2 protein chains.
Amino acid sequence: MKINENFNNLKQNYLFAEIANRVRAYAEKNPERELIRLGIGDVTLPLAPAVTDALRAAAEEMGRKETFRGYADYEGYEFLRAAIAANDYKARGIDVGETEIYVSDGAKSDTANFTDLLSADNLAAICDPVYPVYNDANLLDGRPIRLMPCVAEKGFLPEIPDWRADVVYLCFPNNPTGVAATADYLRGWVDYAVRNGSLILYDSAYEAFVREPGCVRSIYEVEGAKECAVEFRSFSKTAGFTGLRCAYTVIPKDLSFDGQNIGRLWLRRQATKFNGVAYIVQKAAEAVYSEAGRAQIKENIDYYAGNADELKAALSGLGLPVWGGVNAPYIWFKSPLPSWDTFDKLLNEAGLVVTPGAGFGSCGEGYARLTAFGDKEMTAKAASRLSAVKL
Amino acid sequence: MKINENFNNLKQNYLFAEIANRVRAYAEKNPERELIRLGIGDVTLPLAPAVTDALRAAAEEMGRKETFRGYADYEGYEFLRAAIAANDYKARGIDVGETEIYVSDGAKSDTANFTDLLSADNLAAICDPVYPVYNDANLLDGRPIRLMPCVAEKGFLPEIPDWRADVVYLCFPNNPTGVAATADYLRGWVDYAVRNGSLILYDSAYEAFVREPGCVRSIYEVEGAKECAVEFRSFSKTAGFTGLRCAYTVIPKDLSFDGQNIGRLWLRRQATKFNGVAYIVQKAAEAVYSEAGRAQIKENIDYYAGNADELKAALSGLGLPVWGGVNAPYIWFKSPLPSWDTFDKLLNEAGLVVTPGAGFGSCGEGYARLTAFGDKEMTAKAASRLSAVKL
């Protein structure tokens with residue numbers, strides 16, 4: 001029995017597992033030290049009351065024979081897809097209908113599982129630095145990857161390549177750099193994709209954090225995107241669902257490549273390897289769009305945006321170059337030290353856990369990422385510890 | 001952009017999607033006809049009170065800052081893995097520990113996703129008839145498959161092959177035939193696997209329905225199985241979780257192939273492509289093992305077993321050869337007609353939805369599957385309609 005040989009091309013540990021290991025070792029040696037975790041992008045505010053109310057009501061339904069629900073539709077319940085289409089797209093003047101929406105348990109799963117649809121010899125264009133999942137999922141299939149360096153001089157936006165890729169991964173607002181994209185910038189990518197017959201896989205998991213009016217939330221704000229792009233979204237960061245698991249993927253109904261309809265293929269993939277999202281979780285996601293839900297969610301997003309402002313100010317105060325934090329929950333800064341040294345120094349001298357930029361790719365070397373998802377008081381304390389560190 | 005060419009090797013529709021299409025067409029033409037669905041194996045009893053209580057309590061926790069939980073561990077919460085190990089294994093004298101358990105959102109996902117670990121040129125041995133997912137997941141990877149015919153004369157148990165397979169898929173109690181396996185029978189497979197260096201992927205999603213003492217619930221009841229087998233289990237049929245989504249996979253801690261530890265590889269796969277199971281769902285699964293939960297679940301299993309007895313008696317009364325239904329929620333019978341003709345005849349003449357055996361593979365031709373997961377009164381009505389049909 002032979003193992004998939006592509007496992008040898010992955011790093012031994014998933015980035016966040018490696019961070020967890022170092023933090024565990026430090027915490028065991030320094031049990032009295034108060035750690036502040038600004039590493040993994042996990043939320044800290046509880047679920048909104050509208051959401052927990054929906055969960056409890058749905059649990060009641062599942063406990064009564066007349067209202068019990070078994071297997072859900074592979075593409076998600078119609079009530080949720082309709083709420084998504086109405087609120088996240090139509091209300092913003094974007095033409096996306098409920099039949100173009102596919103509900104799932106996470107944008108990580110979707111971006112990784114989407115590789116099941118791709119031929120193994122397609123060339124994938126992936127940013128550097130980048131969320132590691134895009135690379136790892138393609139490496140596991142043995143698919144060729146060409147990296148697109150994202151550098152400070154270009155505001156960490158990848159340049160449109162002068163070479164042809166079959167598949168392009170883009171993520172805006174970006175993880176890890178926190179930079180957002182304008183429609184003008186993305187129009188270049190849509191033109192590129194249409195011209196080259198390329199598929200754009202667009203991750204907009206952080207769209208809820210966009211504050212500046214010129215920045216797009218959806219690639220479908222750009223004309224022509226429905227001919228070349230799939231969009232991934234999540235309730236994880238928008239509504240604190242990291243521990244509840246709900247996301248969705250948008251596939252325009254006429255999107256076809258290689259003579260095949262992409263939505264139909266994705267549904268076939270999901271029907272084969274997935275069994276839908278829990279009814280109670282889909283009801284919880286629907287509640288995010290209720291009047292009360294929208295107000296409560298906005299408060300949470302504003303809370304995290306306040307954290308981002310505070311961290312950004314602390315880093316700027318140190319004279320360090322800083323990106324992100326305005327339209328994203330991530331702050332990206334340049335350190336005078338190598339990434340993992342910055343990680344170790346901030347852990348050892350300030351009890352702060354950050355994510356080393358090098359963990360996102362070689363172009364991330366020398367940088368580090370902070371998340372704004374912490375508790376407000378702890379974040380304030382982190383900002384003051386940061387201000388005291390000599391980097 | 002080229003599509004994964006292996007999609008062309010799949011049937012256009014997943015079996016149950018095809019059944020749903022035919023039923024929808026019939027229902028539209030015959031809106032007044034009361035349909036009884038004995039097709040897809042979906043449960044109908046509501047969640048047990050112990051489970052809905054746990055869901056509500058966990059929703060409360062998720063709504064308070066002090067008890068909120070974000071991302072879960074990739075392998076599942078320790079409290080659930082400990083409950084599984086203690087109740088499903090140690091209490092039955094089977095040596096499986098909590099570090100050998102990996103929680104997921106479904107046994108379908110796990111059996112399909114496990115192919116990510118396998119080299120594309122491994123030979124997979126798969127039963128015919130069979131749950132379609134094993135075939136489809138391997139076809140999508142382009143992995144060679146050799147089918148093992150399961151025939152009435154051998155009680156639908158596959159014969160140990162005189163050829164070598166790298167990976168063997170087994171499912172007992174079986175879907176679709178409903179037959180269970182004895183330890184003596186499975187010992188032959190464990191010997192085969194150890195001798196050939198093969199990996200057994202053992203699906204025991206229906207173990208809760210075993211009634212006869214000679215039949216095994218776990219492959220680890222057979223000595224040597226921990227050297228060659230992975231076991232898949234689910235809360236779907238055991239505790240009515242089809243609409244809640246929780247399952248687990250057991251990987252013995254020392255299980256290695258090709259010089260690599262299988263548990264470590266699976267965790268790496270899950271960390272890359274999956275983000276854990278909702279805390280509230282894991283708390284619900286834990287409640288299945290509480291004293292109240294165990295009693296409530298047993299009542300539900302007995303209820304479905306009663307349905308199986310009734311359907312089996314009706315088919316036997318027609319003089320048709322029948323298998324399963326004793327240690328499984330599925331009843332498998334031989335019809336004088338081809339499978340899809342049997343399907344259409346029972347739909348048109350009796351308003352009954354069954355699963356055509358041919359949908360599970362060519363050796364299923366001439367057979368059909370009924371599920372015992374229906375409502376008791378409807379199942380009784382189905383049994384009486386069956387008794388009146390001339391097949």
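In the predicted model, B:P129 is located in the loop that runs between β3 (124-128) and α5 of chain B. Most residues other than glycine have a negative phi, and most peptide bonds are trans.

For B:R245, phi is near 75°, and the residue is not a glycine. B:R245 belongs to the loop that links α7 (235-239) with β8 (247-250) of chain B. This arginine is buried, because 30 other C-beta atoms lie within 10 Å and the cut-off for burial is 20 or more. In chain A, the non-glycine residue A:D258 has a positive phi near 55°. A:D258 is found between β9 (256-257) and β10 (260-261) of chain A, in the loop that separates these strands. With 19 other C-beta atoms within 10 Å, A:D258 is classed as partly exposed.

The loop between β6 (199-203) and β7 (229-234) was examined at B:V222 in chain B and at A:E221 in chain A. B:V222 has 24 C-beta neighbours inside 10 Å and therefore counts as buried. Apart from neighbours within four places in sequence, the contacts of B:V222 are with B:A183, B:L186, B:R187 and B:V190. One of these residues, B:L186, is 36 residues from B:V222 along the chain, yet the two C-alpha atoms are separated by 7.1 Å. A:E221 is partly exposed, with 18 other C-beta atoms within 10 Å. Its contacts, again leaving aside residues within four places in sequence, are A:I94, A:A183 and A:V216. A:E221 and A:R211 are ten residues apart in sequence, and the distance between their C-alpha atoms is 16 Å.

Within chain A, helix α10 (residues 291-317) packs against helix α12 (residues 376-388), their axes coming within 8 Å and crossing at roughly 5°. α10(A) and α12(A) are therefore roughly parallel to each other. On the side of α10(A), the contact involves A:Y303, A:G306, A:N307, A:E310, A:L311, A:A314, A:L315 and A:G317. These residues meet A:K376, A:T379, A:A380, A:A383, A:L386 and A:S387 of α12(A). By class, the residues of this contact comprise seven nonpolar, five polar and two charged. An α-helix has 3.6 residues a turn, so residues three or four places apart point the same way.

Helix α8(B) has twelve residues, and the distance from its first C-alpha to its last is 16 Å, close to the 16 Å expected at 1.5 Å a residue. This helix is mostly covered, ten of its twelve residues being buried. The buried residues of α8(B) are B:I262, B:G263, B:L265, B:W266, B:R268, B:R269, B:Q270, B:A271, B:T272 and B:K273.

Two copies of a chain are related by a rotation about an axis and a shift along it. Here, chain B is superposed on chain A by a rotation of 180° with 0.0 Å of shift along the axis, at an RMSD of 0.0 Å. The two copies are thus related as by a two-fold rotation axis. In chain B, the C-alpha nearest this axis belongs to B:R56, at 2.7 Å from it.

The contact between the two chains takes 67 residues from chain A and 67 residues from chain B. Five helices of chain B, α2 (49-62), α4 (107-113), α5 (132-140), α8 (262-273) and α9 (279-287), each supply at least two residues of the side that touches chain A. The largest share of that side, seven residues, comes from α2(B). The side of chain B that touches chain A is made up of 34 nonpolar, 16 polar and 17 charged residues. Of the interface residues of chain B, 100% are also interface residues in chain A, so the copies meet through the same surface.

Methods: Residues numbered from 1 in each chain as written. Chains lettered and ligands numbered in written order. Predicted model: local features only at pLDDT ≥ 70, side-chain atom pairs only at ≥ 80, totals over all residues. Least-squares fit on C-alpha atoms with pLDDT ≥ 70 in both. Contact = placed C-beta atoms within 7 Å. Axes fitted to C-alpha atoms, helices over the stretch in contact; angles between N-to-C directions. Helix = DSSP H or I, 4+ residues; strand = E, 2+ residues; numbered from the N terminus. Parallel < 35°, antiparallel > 145°, perpendicular 65-115°, else oblique. Nonpolar A, V, L, I, M, F, W, Y, C, P; charged D, E, K, R; others polar. Expected span 1.5 Å × (residues − 1).
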